[in-house]
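Colleague: I am new to this structure and would like to go through it slowly, one contact at a time. Could you take my questions in turn?

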Amino acid sequence: MPMRAFAAVLACTLLAACASTPPAPPAAPAVAATSLPPVKVGLALGGGAAKGFAHIGVIKMLEANGIQPAVVAGTSAGSVVGALYASGMDAYALQEKAFALDESSIRDVSLFSGGVVKGAKLQDYVNQLVGNRTFEKLRKPFAAVATRLEDGQRTVFVRGNVGQAVRASSSIPGVFEAVAIGKFHFVDGGVVSPVPVDAARELGADFVIAVDISSKANGAADPSSMLGNVNRSITIMGQKLGALELARADIVIRPGVNGIGAADFAQKNRAILEGERAAQAALPQIRAKIAALQSQRLALARQTADAKAAQQREAERKARCAQRTGWMDRLRRDPECRAED
């Protein structure tokens with residue numbers, strides 16, 4: 001009898017072991033709601049001499065609608081506005097400085113040095129308005145694009161003397177002297193990068209708004225005018241070069257300033273208004289594209305979080321199954337551990 005009783009107890013134990021429900025694996029951790037920093041908007045402000053006042057109107061409209069550029073890159077006239085904006089001025093302060101600008105404060109004539117204008121006054125003017133701060137001490141990351149005269153290399157200034165870099169970026173060949181910095185000389189950035197989209201990306205922008213104020217070759221040409229042919233040829237070259245870089249922007253704003261002359265500073269108010277109009281027209285597209293980009297980033301972040309959670313669950317499963325060493329554990333046949341048997 002004792003042997004039969006032992007056999008009965010053993011049989012009951014085995015049946016209980018086989019019928020028992022294996023311990024449930026720990027619940028997968030819920031993926032926390034992913035929070036992302038806002039899209040980093042960058043401004044790429046193109047060159048265009050007196051047309052550059054349109055940049056102020058663009059900035060004014062963006063700020064009024066809650067779009068705050070985090071980084072700024074500028075070429076030529078765009079570098080002047082960009083430097084002041086990066087120093088901490090808002091659009092209204094920029095407009096105030098524009099209306100108060102006297103051409104004599106930025107023009108120093110020199111007839112025998114490779115250019116009509118030296119550019120030293122422009123350098124001093126910019127440095128004064130930015131409080132003589134270097135790039136590193138500006139409120140926003142800023143880049144000024146110039147062209148290295150010795151080899152045509154695009155040069156992006158992001159350190160050192162702000163006024164000097166703006167002067168280099170604005171030194172239109174034949175009008176301004178080339179600017180000596182170190183062992184090289186620099187001229188207008190528009191020669192290689194009319195609208196500095198790539199420089200804005202290099203500053204870390206997720207979304208680049210480019211402002212193109214360059215002249216366009218349209219209308220009738222006068223083939224009998226030598227100077228007119230040269231100017232038009234330069235315009236066409238810049239147009240083709242700029243198109244390649246503009247294609248890499250997320251949004252391109254084109255203020256209607258083609259009728260404003262390069263030296264027509266009296267039209268500054270009109271240029272600002274044209275900048276406002278063009279930016280206002282682009283606002284729905286800007287908002288839609290920024291929202292779409294943020295949605296893409298959020299979806300990607302969630303996918304990454306889900307993948308990490310899955311990896312963690314798999315590691316926990318393997319660790320749990322590795323602890324099943326006894327024959328009783330194997331009898332329970334935890335479904336998640338069958339692959340390990």
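The conversation below goes through salt bridges, aromatic rings and helix packing.

Modeller: Please keep in mind throughout that this is a predicted model.

Colleague: How many salt bridges does the structure hold, and how far apart are the closest N and O atoms of Arg 107 and Glu 103?

Modeller: The structure holds 8 salt bridges, and one of them joins Arg 107 to Glu 103. Arg 107 counts as partly exposed at 39% relative accessibility, and Glu 103 is partly exposed as well, with a relative accessible area of 28%. The closest N and O atoms of Arg 107 and Glu 103 are separated by 2.7 Å.

Colleague: Which parts of the chain does the pair of Glu 202 and Arg 154 tie together, and how many residues apart in sequence are they?

Modeller: Glu 202 and Arg 154 form a salt bridge in which the closest N and O atoms are 2.7 Å apart. Because Glu 202 lies in helix 7 (residues 197–202) and Arg 154 in strand 4 (residues 154–157), the pair ties together parts of the chain that are 48 residues apart in sequence.

Colleague: Is Glu 202 buried or exposed?

Modeller: The relative accessibility of Glu 202 is 52%, and the cut-off for calling a residue exposed is over 50%. Arg 154, its partner in the salt bridge, is partly exposed with a relative accessible area of 28%. Glu 202, by contrast, counts as exposed.

Colleague: What separates Glu 274 and Arg 277 along helix 9?

Modeller: The side chains of Glu 274 and Arg 277 meet in a salt bridge, at 3.2 Å from N to O, and Glu 274 counts as buried at 18% relative accessibility. Because Glu 274 and Arg 277 are 3 residues apart in helix 9 (residues 268–322), what separates them is about one helical turn.

Colleague: How many aromatic pairs are there, and why is the pair of Phe 135 and Phe 142 called stacked?

Modeller: There are 3 aromatic pairs in the structure. The ring centres of Phe 135 and Phe 142 lie 5.5 Å apart, and their planes meet at 10 degrees. Since planes under 30 degrees apart count as stacked, the angle that places Phe 135 and Phe 142 in this class is 10 degrees.

Colleague: What kind of aromatic pair do Phe 157 and Phe 186 form?

Modeller: Phe 157 and Phe 186 have 5.2 Å from centre to centre and 75 degrees between their planes, and both residues are buried. Because Phe 157 lies in strand 4 and Phe 186 in strand 6 (residues 184–188), the pair ties together parts that are 29 residues apart in sequence. The arrangement of the two rings is edge-to-face.

Colleague: Which residue lies over the face of Phe 184?

Modeller: The residue in question sits at 4.3 Å from the centre of the Phe 184 ring. The residue over that face is Arg 148.

Colleague: How are helix 2 and helix 9 oriented to each other?

Modeller: The axes of helix 2 (residues 54–64) and helix 9 come within 7 Å and cross at roughly 40 degrees. Helix 2 passes helix 9 in a right-handed crossing. The orientation of helix 2 and helix 9 to each other is therefore oblique.

Colleague: What distance separates the C-alpha atoms of Val 71 and Ala 200?

Modeller: Val 71 lies in strand 2 (residues 71–75), where Val 71 is buried with a relative accessible area of 1%. Although Val 71 and Ala 200 are 129 residues apart along the chain, their C-alpha atoms are separated by 6.8 Å.

Technical notes
Residues are numbered from 1 along each chain as its sequence is written. This is a predicted model: local features need pLDDT of at least 70, side-chain atom pairs count only at pLDDT 80 or more; totals for chains, interfaces and linings use all residues. Side-chain values use heavy atoms; hydrogens and water are left out. A salt bridge is a side-chain nitrogen of Lys or Arg within 4 Å of a carboxyl oxygen of Asp or Glu. Buried means under 20% relative accessible area, exposed over 50%, partly exposed in between (1.4 Å probe, protein chains only). Helices (H or I, at least four residues) and strands (E, at least two) are DSSP runs, numbered from the N terminus. Rings of Phe, Tyr and Trp (its six-membered ring) pair if their centres lie within 6.5 Å; planes under 30 degrees apart count as stacked, over 60 as edge-to-face and the rest as tilted. A charge sits over a ring if NZ of Lys or CZ of Arg is within 6 Å of the ring centre and within 35 degrees of the ring normal. Axes are lines fitted to C-alpha atoms, for helices over the stretch in contact, and angles run from 0 to 180 degrees between N-to-C directions. Angles under 35 degrees count as roughly parallel, over 145 as roughly antiparallel, 65 to 115 as roughly perpendicular and the rest as oblique. A crossing is left-handed if the near helix is turned anticlockwise from the far one by less than a right angle, and right-handed if clockwise.
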